Every structure is written in C-alpha cells, then in structure tokens.
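Student: Please take one part of this model and look at it closely. Then connect it to the rest of the chain. Give me the cut-offs as you go.

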Amino acid sequence: MQCSLCHKQAILQESFSAKQLALEYWRQLKISISFPEEQIGLYHCPNCSYLFFATQGQSTISGDNEFYNTLNKLPWYYFSEKYEYTYAKNFIQPNEKVLEVGCGKAAFAKYIPQTHYIGLEFSTDAKKMAHANGIHIENISIQDYAESHPYQADVVCSFQVLEHVSDPYSFLQAKIKACRGGGDYHDRCAKRRQLHPICSEQYSQYATPSCRTL
Ligand SMILES: [Zn+2]
C-alpha cells in the first residue's frame with residue numbers, strides 16, 4: 001500500500017472485517033454503511049507516520065453524504081462551540097472573505113458575523129440547517145470550488161476536518177489555491193486518539209512527521 005502523503009510504502013497494521021464493521025455501525029449508531037471490499041486495513045507509513053484506513057485494493061475510505069447526514073442527527077456530532085473558533089477569529093478582519101472547508105452546520109460563522117462567509121460541506125442536511133440561519137453553504141468539494149474560485153478568499157480554514165479526508169494532499173493543494181496571495185490559512189486536526197473503525201468516524205491520523213510532510 002502506498003502512503004497517500006509521502007508515497008512511500010505503508011505497512012498493514014491491523015485488518016477488520018467489513019461485514020462486522022457494518023453490523024457494529026448499525027448496532028451502535030443505527031447507521032447503514034457498506035465497503036468496497038470484505039477487509040478494511042489500518043495502514044501505517046514508517047516514513048511519515050501517517051496512519052490511515054484503506055482496502056487492500058488500494059481504495060482509501062471516506063464517508064458519503066448519507067453517512068454524514070445520519071451523523072448530523074446525533075446530538076453530539078457537530079459542536080456549536082470549539083475552542084479553536086475563539087482562537088481563529090482573532091486572525092480574521094471585518095469584511096474579509098472567509099472560506100471554511102468541511103464546515104458542518106457552519107457554527108464558526110456566528111463567531112465572525114462581520115465577514116463574507118462561505119462554507120463547503122458535503123452533508124445536504126447541514127446545508128439546510130445553515131440556510132435556515134441565513135448562512136451560505138455549498139455542497140461541493142474544495143477541489144471543485146478552487147477550480148472555479150481560485151485565489152479569492154482572504155482566509156481559508158478547517159477545523160477537525162483533515163482526519164476525515166481520503167486524499168489530504170489534494171485537499172490541501174486545493175485550499176491553498178482558493179486562498180489569495182498573502183491570505184491566511186488555518187487547519188486544525190482532532191487530537192491524537194485511538195484510531196479504530198468502530199469507535200471513530202475518522203479515517204486517518206497525523207503524527208508530527210506527517211504534518212511536516214504536508
Ligand atoms: Zn508516508
């Protein structure tokens with residue numbers, strides 16, 4: 001398996017039955033999921049310490065709209081407050097164009113009301129919730145958005161999103177493309193914790209060497 005960050009050889013650490021995973025997701029969360037293969041592997045890259053889930057057919061794994069719409073209904077899933085919201089708003093000036101990628105229900109927008117805020121989020125339910133509060137969200141990828149809106153945002157940010165992305169390299173390249181020259185870029189990952197497909201909806205984990213690779 002090739003590491004999707006540094007492209008060196010990654011090593012299989014643990015293997016999980018896709019059928020068993022699907023049963024556990026249903027039993028614990030009433031979420032119906034499917035996988036492209038019977039076995040899901042947890043891979044570790046010795047070169048950059050990136051840890052990620054993939055199938056042996058070398059498909060990386062990520063959640064679709066239906067998966068995140070279901071998670072949306074769980075009261076604990078999308079936080080209305082994150083301590084990094086309070087920190088990040090200090091770097092943002094009134095009237096700046098702010099692009100938040102993977103914005104959930106766009107809770108961060110309430111912290112920066114004087115700006116021109118746009119959120120990107122795959123969940124169609126999250127878009128409906130945000131629109132009810134007068135916040136603009138688009139259901140497209142940052143890769144597609146950056147193609148049609150290059151170098152326009154004053155600030156591009158994400159909070160606890162990178163660990164959900166199946167192709168982090170392309171994700172970050174697109175975020176940089178969306179940001180104007182001299183703009184600000186913020187990315188915050190969830191803290192390191194046990195990575196297991198049943199207890200976590202994350203797909204990857206970044207140690208310090210992985211972050212340097214990025
Ligand atoms: Zn690597």
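Tutor: Thr-86 sits in helix α3, which spans residues 83-88. Helices here are DSSP runs of H or I with at least four residues, strands are runs of E with at least two, and both are numbered from the N terminus. The model is predicted, so local features need pLDDT of at least 70 and side-chain atom pairs count only at pLDDT 80 or more, while totals for chains, interfaces and linings use all residues. Residue numbers start from 1 along each chain as its sequence is written.

Thr-86 is exposed, because 10 other C-beta atoms lie within 10 Å. The cut-offs are these: 20 or more other C-beta atoms within 10 Å of a residue's own means buried, 12 or fewer means exposed, and in between is partly exposed, with C-beta atoms placed from the backbone. Phe-108 is 22 residues away from Thr-86 along the chain, and their C-alpha atoms are 8.9 Å apart.

Now take Ala-106. Ala-106 lies in the loop between β4 (97-101) and β5 (116-120). Its phi is positive, about 65°, although Ala-106 is not a glycine. Ala-106 counts as buried because 23 other C-beta atoms fall within 10 Å. Leaving out residues up to four places away in sequence, Ala-106 touches Glu-100, Gly-119, Ala-130, Ile-135 and Ile-137. Contact means C-beta atoms, placed from the backbone, within 7 Å.

Compare Tyr-151. Tyr-151 is in the loop between α5 (142-148) and β7 (153-159). Its phi is also positive, near 55°, and Tyr-151 is not a glycine either. But Tyr-151 is exposed, since 12 other C-beta atoms lie within 10 Å.

Ala-106 also belongs to the largest nonpolar core, which has 33 residues. Such a core is a set of buried Ala, Val, Leu, Ile, Met, Phe, Trp, Tyr and Cys residues joined through C-beta atoms within 7 Å. Val-98, Ala-106, Ile-142, Val-156 and Ala-178 touch the most other members. At least two residues of this core come from each of β4, β5, α4 (124-132), α5, β7 and α6 (168-178). β7 supplies the largest share, 5 residues. A second, separate core has 12 residues, including Ala-10, Ile-40, Tyr-43 and Tyr-50. In soluble globular proteins, nonpolar side chains tend to be buried together.

Last, the whole chain. It has 7 helices and 9 strands. Of its 214 residues, 33% count as buried. Among contacts between residues at least 6 apart in sequence, 61% join residues at least 24 apart.

Note on methods: Contact = placed C-beta atoms within 7 Å.
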